[in-house]
Amino acid sequence: MTSRRQLHFQDKLNIIKEIDDGMKQIEAGKKYGLSQSTIASFLKKGKQIEESVNSTEINPQRKRLKVATNENVEAAVDSILINIENKEEPFKL
């Protein structure tokens with residue numbers, strides 16, 4: 001049984017481009033050690049993957065596309081982390 005692997009968006013985009021150039025899904029799966037269904041998922045989400053790689057907001061080395069849904073929480077977490085880095089009280093209001 002193989003362990004789960006997470007690929008960067010750039011790697012996923014490379015796989016999609018190789019398949020677009022004529023490589024079969026099965027061959028790509030063997031080359032990268034992934035199942036054919038995983039490769040098919042990459043192809044299904046191809047446009048979203050390409051947009052995330054070309055976006056300036058998201059690092060192509062990310063593995064997941066989850067983003068904060070509440071900007072206030074995101075700002076609060078950023079503030080806490082900055083305070084910790086500056087050796088200040090983490091929950092300074």
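Helices here are DSSP runs of H or I with at least four residues, strands are E runs of at least two, and both are numbered from the N terminus. Keep that in mind for what follows.

This is a predicted model, where local features need pLDDT of at least 70, side-chain atom pairs count only at pLDDT 80 or more, and totals for chains, interfaces and linings use all residues. Residues are numbered from 1 along each chain as its sequence is written, and side-chain values use heavy atoms, with hydrogens and water left out.

Start with residues 25–45. That span is 81% helix and 0% strand. Its end C-alpha atoms lie 15 Å apart. An unreviewed UniProt entry annotates residues 25–45 as "DNA-binding region". A caution on that: UniProt annotations may be inferred rather than shown by experiment; positions are in the numbering used here, and feature names are shortened.

Now the whole protein. It has five helices and zero strands. From the N terminus, the order is α-α-α-α-α. Contact means heavy atoms within 4.5 Å. Take contacts between residues at least 6 apart in sequence: 54% of them join residues at least 24 apart.

Next, helix packing. Two packed helices are described by the angle between their axes and the distance between the axes. The axes are lines fitted to C-alpha atoms, for helices over the stretch in contact, and angles run from 0 to 180 degrees between N-to-C directions.

First pair: α2, residues 25–32, and α3, residues 36–44. Their axes come within 8 Å and cross at roughly 110 degrees. So α2 and α3 are roughly perpendicular. That label covers 65 to 115 degrees; under 35 is roughly parallel, over 145 roughly antiparallel, and the rest oblique. Who meets whom? Q25, I26, A28 and G29 in α2 meet Q36, I39, A40 and L43 in α3. By class, that contact has five nonpolar, three polar and no charged residues. For the classes, Ala, Val, Leu, Ile, Met, Phe, Trp, Tyr, Cys and Pro count as nonpolar, Asp, Glu, Lys and Arg as charged, and the others, Gly among them, as polar.

K12, I15, I16 and I19 in α1 meet I39, F42 and L43 in α3. By class, we have six nonpolar, no polar and one charged residues.

On to the core. A nonpolar core is a set of buried Ala, Val, Leu, Ile, Met, Phe, Trp, Tyr and Cys residues joined through side-chain atoms within 4.5 Å. The largest one has twelve residues: L7, F9, L13, I15, I16, I19, A28, L34, I39, F42, I49 and V53. Elements giving two or more residues are α1 (9–20), α3 and α4 (46–54). Which element gives the largest share? That is α1, with five residues.

I39 sits in helix α3. I39 is buried, at 0% relative accessible area. Leaving out residues up to four places away in sequence, I39 touches I15, I19, Q25, A28, G29 and L34. With that exclusion again, I15 touches L7, A28, Y32, L34, I39 and F42. Last, V53, in helix α4. V53 is buried, at 12%. V53 and D11 are 42 residues apart in sequence, yet 9.9 Å apart in space, C-alpha to C-alpha.

Note on methods
Buried means under 20% relative accessible area, exposed over 50%, partly exposed in between (1.4 Å probe, protein chains only).
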